[in-house]
Amino acid sequence: MSLSQRLTYALLAIPGEMIDRGFWYLVIAGPAWVILHLLLARWLARRRISDKPNTFRQMSWEFLYSLRSVFVYGLVGGFMVFVIASGWTQMYFRIERFGWTWFFLSIGVTVLIHDTYFYWTHRLMHHPRLFRVMHHTHHLSTNPSPWAAYSFSTSEAFVQAGIAPLVIFTLPIHPLGSRFSCSGKSRSTSSATAATSSSPAGSSAPGSAASSTRPPTTPSTTNPTGPTSVSTSTTGTA
Ligand SMILES: [Zn+2]
């Protein structure tokens with residue numbers, strides 16, 4: 001595959017990733033807000049941890065910060081498509097290549113890697129020299145609404161999305177497995193799958209995604225590592 005083709009795929013993947021991630025953000029955060037903050041608001045009033053109200057102003061900037069993070073995820077998605085289509089990663093497309101045991105094991109391993117990555121990057125961003133620059137935006141939501149799922153600074157959004165490139169560069173992983181185990185690559189790997197399916201350049205790269213035979217198209221399934229997982233990080237911060 002020529003450089004211009006790989007760049008084209010990467011550029012197309014940016015809005016693709018944004019639509020995919022933005023869709024799940026709205027699908028999960030929207031109903032959560034309607035149910036918890038509108039329908040059950042009176043019933044949950046006495047069960048709230050914080051008495052601070054979620055003002056429209058707060059939810060507005062949580063939403064806008066989240067949209068900005070979605071754009072960052074799009075950029076990282078485009079980068080991933082480029083490197084996968086170039087055959088520079090460990091991603092593979094035929095499950096038979098490493099077998100079903102590794103397929104399921106890789107999901108568990110990646111979950112552990114992601115959890116470790118999140119813990120240490122979070123601790124690092126609490127360092128006084130980094131907190132103001134990278135992590136302050138995240139902690140503006142002292143009483144986060146569901147719209148705060150991706151409420152990060154730009155630099156933190158890159159860090160959060162960085163787990164996906166880290167995994168595909170270091171671990172043989174199938175696109176379907178990666179979709180269930182780490183965030184930031186769901187749409188990207190699907191796009192890359194399509195991109196590498198006709199990649200003569202990639203097919204010559206040893207150990208690359210394209211060194212396998214024609215890859216299947218990744219089905220568009222529910223993204224369990226979407227806003228929910230980020231919400232967990234939001235509420236689990238120190
Ligand atoms: Zn924190």
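These are my notebook entries on a predicted model.

**Ground rules.** I number residues from 1 along each chain as its sequence is written. In this predicted model, local features need pLDDT of at least 70 and side-chain atom pairs count only at pLDDT 80 or more, while totals for chains, interfaces and linings use all residues.

**Confidence.** I looked up pLDDT, the predictor's confidence in each residue, from 0 to 100. The chain averages 80, and 75% of the residues score at least 70. Over residues 184–238 the pLDDT stays under 50. For that stretch the model has 135 contacts beyond four places in sequence. I take two residues as in contact if their C-beta atoms, placed from the backbone, lie within 7 Å.

**Overall make-up.** I found 10 helices and zero strands in the chain. Helices (H or I, at least four residues) and strands (E, at least two) are DSSP runs, numbered from the N terminus. Among contacts with a separation of 6 or more, 79% join residues 24 or more positions apart. Buried residues make up 45% of the 238 residues. My cut-offs count other C-beta atoms within 10 Å of a residue's own, placed from the backbone: 20 or more is buried, 12 or fewer exposed, in between partly exposed.

**α3 against α7.** I checked how helix α3 (residues 56–85) meets helix α7 (residues 163–170). Their axes come within 10 Å and cross at roughly 15 degrees. Axes are lines fitted to C-alpha atoms, for helices over the stretch in contact, and angles run from 0 to 180 degrees between N-to-C directions. The two helices are therefore roughly parallel (angles under 35 degrees). The contact uses V76, F79, M80 and I84 of α3, with A164, P165 and I168 of α7. I sorted these residues by type: seven nonpolar, no polar and no charged. Nonpolar means Ala, Val, Leu, Ile, Met, Phe, Trp, Tyr, Cys or Pro; charged means Asp, Glu, Lys or Arg; the others, Gly among them, are polar.

**Inside α7.** I then looked at burial in α7. I163, A164, P165, V167 and I168 are buried. The buried residues of α7 pack against α3, α4, α6 (154–161) and α8 (175–179).

**Two single residues.** I looked up W61, which lies in helix α3. W61 is partly exposed because 15 other C-beta atoms lie within 10 Å. W61 and L140 are 79 residues apart in sequence, yet 9.9 Å apart in space, C-alpha to C-alpha. Next was G108, in helix α4 (residues 99–125). G108 has 11 other C-beta atoms within 10 Å, so G108 is exposed. From G108 to G177 I read 9.3 Å, C-alpha to C-alpha, across 69 residues of sequence.

Conventions:
Angles under 35 degrees count as roughly parallel, over 145 as roughly antiparallel, 65 to 115 as roughly perpendicular and the rest as oblique.
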